[in-house]
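Open the model in a viewer and keep the selection panel at hand. The stops below go from the whole assembly to a single residue.

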Number of protein chains: 2
Amino acid sequence: MVKLAIDIMGGDYAPLEIIKGVKLALERFSDIELVLFGDEKIIKEHLGEHERVKIVNAPEKIDMGEKDPIGEIRRNHNTSLVKAFQAVKDKEVDGVVTAGPTQGVVTAAHLIIRRIKGMKRTALCPVLPNLGGKHRLLLDVGANLELRSEHLLQLAQYASIYLREVQGIEKPLVGLMNIGTEEGKGREVEKEAYALLKNNPNINFYGNIEGKDIFRTECDIIITDGFSGNLVMKTCEGVALAVGKFFKEEINKSIFRKIGYLFLNKVFKNFKKTLSADEIGGAHLFGVDGIVVKAHGSSDAYAFSNAINQARLAVKGEIIEKMKKIIEEEGNNLNDEW
Amino acid sequence: MVKLAIDIMGGDYAPLEIIKGVKLALERFSDIELVLFGDEKIIKEHLGEHERVKIVNAPEKIDMGEKDPIGEIRRNHNTSLVKAFQAVKDKEVDGVVTAGPTQGVVTAAHLIIRRIKGMKRTALCPVLPNLGGKHRLLLDVGANLELRSEHLLQLAQYASIYLREVQGIEKPLVGLMNIGTEEGKGREVEKEAYALLKNNPNINFYGNIEGKDIFRTECDIIITDGFSGNLVMKTCEGVALAVGKFFKEEINKSIFRKIGYLFLNKVFKNFKKTLSADEIGGAHLFGVDGIVVKAHGSSDAYAFSNAINQARLAVKGEIIEKMKKIIEEEGNNLNDEW
């Protein structure tokens, strides 16, 4: 059984849509046991009793618009988010899923669950939409705005383990986000990271990749610092939004075009679906000592059940244990060398 | 008369397409005089004599695939690019237009023309496609991978002058590329730049903008360092490419959809045209003591004539003189304060 804590109060459509997501996940996956943190009365009313569910009453929530989520997490230990994360820390569960605010999730993970021993940084890792033949991981997109080359290496190792154990990709291909493809391009951090990634036995390194290649590269993992990754991820979103708006406006310009739209209706629907975060579920927070999945704030029930599945697969893949082993091995190597 | 140097040998379709572009520009703009640097024989054969044209024989070129354009520029002073840039330095012309390799252009501008006195950094500044109601400038996209806050301020001032004098936008709105919209977001450099931009009398500051807003923001100018700007620009290209491919593949899946495409043919053509760099012409290199326009490597005659027009308008707007005045004023202020 995979045991997961669920933050019922986080997300734009919480708690009802999250409760529906929990219901759906319980139907879809028979090997999960869930501990729900939220308003007990509402949960009982909408979910009823379930043999694989435990409820912990925690009706307080962190507001999505909270200006100081870090302070809020330090001050108030009674929110559903903090209590759910505490359950991971106390090893009552193997992981946690929440649609709460990103900054709150990153902060709570650091303050409560804490990093894996020997893991130098964490990373927020979403899955990019399958716009060019496959899904790809992009990290970091904002947990750490600046990262050193050795941090990038460790995070790439973690992401490689994740894809191997969860997706069954034997040797995930890692690309380094850069401004040109040749070795020697980029800032000092990219030059150093290139050398580290190239020479590490646990990394299948492709080389540098540019922004124009992110949806056509063979790479499974794209690694960069949190500032750059955030810009890239949100730029993808921005272009997709603008393209959607462009087509809508152009098509509305004539009856003739609207007729054409009827023929291509399915194509535009597929386009929208491809770009939707719902199919994926959420972003992992790699590097803390427990599985943390941050579902999209606007998650509906289906999206949230997918986020639960992401956490489930990560627990089953025992990726944290496997990363700990690499850290130990490389730690030993470092001791030998230095 | 606006006097411009033209590098005839740079670009994927040089020299013939560039010569055609020159011809077209001479027809379109009666107030330009051009000095062409390239293979005299070929130019004479394809252009003939023209009263507003002077030819300087310079048949050697910098290869687009040149691995070490910087070394090449230092070693070989006979290339069309180097000679054209030397003409700017020697004040024989007011500016230069080339479709040669970006790194070569940036290097030649620094080594030969040099920065405006008091200007601390340069920036490559393309115009973003008009995907959301207006054209916007994005800078820097690669002249300097790392920039300090005072560099960002100066470059924003330069870009503001450019839009005011060339596009007639009285107070161009400047946005700072960041990972969130609130003040206080970002790395140290963004936090410092926010304060500088907000308090400078020559800047109409909007605040932070995120990647998802670049095609819907009211901002006219988006400012960031060369590493980030390059990622953002190329990510836009990557998403647009992937979207184009997606629609093509989806439409080809059935006859029914192909019929729909016939109705929407014009819409897709407009989409392609909107994203094409040809309409714009090229990217400016801001900050050197002469107008430098780098046309797209794949420029055809029309695109190149547009790049010539960009240089022409910048010269007519006397933007370098106006930037020099600001540098002088702020230099005086600095002397007063410190």
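Start with both chains of this predicted model. The same surface is used by both copies, since 100% of the contact residues of chain A recur in chain B.

Next, select the contact between the chains. It takes 47 residues from chain A and 47 residues from chain B. On chain A, colour helix H8 (226-251) and helix H9 (255-275); each supplies at least two residues of the side that touches chain B. H8(A) gives the most to that side, with 21 residues. Colouring this side of chain A by residue class gives 26 nonpolar, ten polar and eleven charged residues.

Now move to strand S9 of chain A, residues 204-209, and pick Asn204(A), which lies in it. Is Asn204(A) buried or partly exposed? Asn204(A) has 19 C-beta neighbours inside 10 Å and therefore counts as partly exposed. Leaving aside residues up to four places away in sequence, show what Asn204(A) touches: Lys171(A), Pro172(A), Leu173(A) and Val174(A).

For the last stop, draw a distance from the C-alpha of Asn204(A) to that of Asn76(A). These residues are 128 apart along the chain, and their C-alpha atoms are separated by 43 Å.

Key: Residues are numbered from 1 along each chain as its sequence is written. Chains are lettered from A and ligands numbered from 1 in the order in which they are written. This is a predicted model: local features need pLDDT of at least 70, side-chain atom pairs count only at pLDDT 80 or more; totals for chains, interfaces and linings use all residues. Two residues are in contact if their C-beta atoms, placed from the backbone, lie within 7 Å. Helices (H or I, at least four residues) and strands (E, at least two) are DSSP runs, numbered from the N terminus. Ala, Val, Leu, Ile, Met, Phe, Trp, Tyr, Cys and Pro count as nonpolar, Asp, Glu, Lys and Arg as charged, and the others, Gly among them, as polar. A residue is buried if 20 or more other C-beta atoms lie within 10 Å of its own, exposed if 12 or fewer, and partly exposed in between; C-beta atoms are placed from the backbone.
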